[in-house]
Amino acid sequence: MLVAPLRRARRCAFLTGSAAMAAGGTASPPSVPRHANRLVNEKSPYLLQHARNPVDWYPWGQEAFDKARKENKLIFLSVGYSTCHWCHVMEEESFKNKEIGDIMNKNFVCIKVDREERPDVDKVYMTFVQATSGGGGWPMSVWLTPDLKPFAGGTYFPPEDGLHRVGFRTVLLRIAEQWKENKDALLENSQKILEALLRRSEIRVRGQESPPPAKEVMATCFQQLSSSYDEEYGGFSESPKFPTPVNLNFLFTYWALHRTTPEGARALQMALHTLRMMAHGGIHDHIAQGFHRYSTDQHWHVPHFEKMLYDQGQLAAAYSRAFQLFKSESRTLPCLSPPPCPLVTSILQISGDRFFADVARDVLLYVSRDLSDQAGGFYSAEDADSYPTTASGEKREGAFCVWAAEEIRTLLPDPVEGATEGTTLGDVFMHHYGVKEAGNVSPVKDPHQELKGKNVLTVRCSPELTAARLGLEPGRLGALLREGRRRLAAARAQRPRPHLDTKMLAAWNGLMISGFAQAGVALAEQGYVSRAARAAAFLRRHLFQPTSGRLLRSCYRGGDDAVEQSTVPIQGFLEDYVFVIQALFDLYEASLEQGWLEWALQLQHTQDKLFWDPEGAAYFSSEAGDSSLLLRLKDDQDGAEPTPNSVAVTNLLRAASYSGHMEWVEKAGQILAAFSERLRKIPITLPEMARATAVFHHTLKQVVICGDPREEDTKEMLRCVHSVFSPNKALMLADGDSAGFLYRQLPFLASLERKDGKATAYVCSNFACSLPVTSPQELRGMLCP
C-alpha cells in the first residue's frame, strides 16, 4: 500500500500508507452501556470521541489481545489524536458507517489508540511504517497478526474506491480474504518484517567510539540548515512549513559560538527572520493569540488550524530567547570583543524593538487563558475543526479563525479621522492584514472549499507602509489595529469553540513550564515564573508517585473540573522524564528555589534506572517489561519536539553541574557516541543533539552568585546573568546556608565568599573557579564564550 513522505514533525495526515498507534486501556472494563463500545470507559478525549461508533472498539490492552488469539483473528489498529482533522474525516466516513463497522467487527479485533497517551506503542508501528513505505501520518491504520506483528498498513483511507486509491471497505475485505487463504505466508512475512525492524532500529556505541567533535558536527549542521533555508520567507522547507524550534535553538547556539564571523551572522539572520515571518503569518493567530500547528504553504499564510501545547511551550522559549539575545547584544554589544562584523550589528538593529517579547507574551496569554486547568496544569491541544455557527450541522477546518471581508466591515465601520477621505477602521485593518473581498485563500490550499470566501489574517505590510498608504500618522496605526483586534476577538468569542483536548501530559507540561520559566527570566516577569512554579506543583501532585519516585504520563479533567486518573495509570516514558527534568532546571534558575533542583536530580536517577541501555548506551524511549511492545526503541530524529536523548545530553551536563556527579557527564558523552554516525553525516536530523555536542565539548560554566537574594546587589548580579544569552551556563545561588541542598551537593560552595561584603560572582568549570567579581559589567564579560 502506498504512503506519502513523512514530514519531520507531528501532524495529522491526508495520506495513504503504513501506520502506527497509541492509547491506554483498562484490563477488564465494566459492562458496556447500550449503543456504546468499550471506549466509553476510557479517559482519553480521543477514545471517547469514538465510544459511540458502531465499531466494536477495544482500548490497547490484554482483553483485545486475548480475544484475537482465542478467535484467531487479525487485529485492526487505528491510531490518532483528538484534534486531528483527518482522524475526524475517517471517523465520519468509515467508523460511523454501520456497514463498514459490521465488516470490521466480523473479521477483526479492532483497537483504537490515542498516540499522545501511548507514544511507546505509536513509535513501534511508526517504525514499521517508515521502514516499509518511507512515509506516515495520522490517522494511522495497521493490520497485525494475533501476536501483534504488523504486516500491512496505511494512514487515511477514503471509504470507497476512487480513481487513484483503494477504499477502506475494499482493503478490509481483501485483507480478511488473505488471512483465510494465505495465513502461513502472512505470518512468515510478518516475522521477517519484525526481524528487519530489529536490525534497522538498533542505536548503540560500537567499539571504542567517542563523542564526535563539536566543530565538525556544528559546521555540518549549519551548512545543511543553510542549504535548506528559505531566504524570502524564512523556515527550512517550501511547503508544508513547520515552526521547528529545534532548528532555531541550534542557530542561536551556533551564533553564540561564532559571534564575530559571517557564518555566525548568517545563523542569527536565519533564526530571527524565521521568527519574524512566522509571527507575521497566518500560522500566528492575530486575534486570539498562540500559534497553529503548521503552514500548508511557503508563506506561513494558510495554517493547519489546530494548536498544540508543545508548540506553544517551545515557541514561547524561542521568542523569549530572541528578545534576550537582542536586549543583551544590540545596544551596547558588551560581549563582543573584537567588535562584531557589520552584518551582526545591522541584524540586531533591525530586529530591535520589543517585537519578540510581545510575541512571547502573546503565546503565554493564549496558554494562560485557553489551555490552563484551574488546578495548574496545561491542556494538550485545541482542534482545527469547529461549527461555523451555532446552527451548523457540520464542522469545518478553521471556521473559528477565519473572516469574510463583509464581517470585518460590519464590525469596524468607524470613519478614521485624519486618514484619506472615506477610510474606515475596517479599511485600515483589512489593508494591514491582507483581507480580500473574495477571500485570500488559494483554492489549491483549500481542496474541500472549507475556506472559500474567507480570509486568514496575515501581516502583509509594515506599519509604516500601511500608514503611508492610508494617509495616517505612523504613531496612530498601533492603536487602530489594537481596537480592530479587540472587536474581532469579541465577535469570535460568540462563535462555537473548537474541541479542547483536556488531557494533561507530563512531557508537554514540562515543555510549557520551560516556556514560562525562560520567558520570566528573559522578560523580567515574575508572574511567568510563578505560573511555571504552579504547573510544576501540579505535576508533583497529580503526575508523580512519591513512593516509587516515578512520573505518570497523563491525567484528565473530569467531572466538576476535578483532575482524574485512568483506572490503570499510564507510567511515564522517557520523554516525560527529560522534559520535566529540563523544566525543573529552568524553573530553578528562574526562581532559585532549591526544591525544584532536588526533584530534578531525583528524577534523573529514576530515568537512569528505568531507561538507560547499559550495553549500547543512550536511553530507550520506554522501559522494559511490556510484553505487548515488539521493539524497545531509541528515537533518532528531532521533529516537532526534540528527541528525548537530545535533551538528555544537556540535562545530564546540568545535573552534573548541580550535583558534582561526574558519571552523568560520562553518560552524556556515551549518548553522543551512540549517535555519532548520524551526527557526523546528517546532523540536520538532530539539531538539538548537535547543539548539545557543542555544550558537551565547551563544558558548562557554573555561574555562582554569592549573596542574599533579598539584597539589591544580589538581584543586580542575577539580572545580569539573566540578560545574557549564554548556552553553556548553569546558574546557582550560594546564599550561605551550609545546611541547604545545594551546599550538601557541592561542598566547594562553602569556600566561596562575598568580597568586601558585596554580592560576588564566580564562574567555575573543570573544578576551577575564576577570580571573584562584584560588578555586573565584569560578570557580563566573563559570560561570553
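Predicted model: local features only at pLDDT ≥ 70, side-chain atom pairs only at ≥ 80, totals over all residues.
Next, select residues 331–340. Here the pLDDT stays under 50, and the model gives this stretch 17 contacts beyond four places in sequence. Then move on to residues 347–352, where the pLDDT is again below 50. Beyond near neighbours in sequence, residues 347–352 have 16 contacts in the model.

Now turn to the cysteines. The structure holds two disulfides. A disulfide is a covalent bond between the sulfur atoms of two cysteines.

Select Cys84 and Cys87. They form a disulfide, with 2.5 Å between their sulfur atoms. The link of Cys84 and Cys87 is right-handed, with 80 degrees about the S-S bond. Cys84 has a relative accessible area of 0% and is buried. Cys87 is buried too, at 2%.

Go on to Cys764 and Cys769. Their sulfur atoms lie 2.0 Å apart in a disulfide. With 100 degrees about the S-S bond, the link of Cys764 and Cys769 is right-handed. Which of these cysteines is buried, and which is partly exposed? Cys764 is the buried one because its relative accessibility is 2%, under the 20% limit. Cys769 has a relative accessible area of 36%, so it counts as partly exposed, between 20% and 50%.

Cys706 is in no disulfide, and the nearest cysteine sulfur, that of Cys764, is 8.6 Å away. Cys706 is buried, at 2% relative accessibility.

Finish at Cys720, which is buried with a relative accessible area of 3%.

Methods
Residues numbered from 1 in each chain as written. Heavy atoms only, no water. pLDDT = per-residue confidence, 0-100. Contact = heavy atoms within 4.5 Å. Disulfide = S-S within 2.5 Å. Buried < 20%, exposed > 50% of the residue type's maximum accessible area, 1.4 Å probe, protein only.
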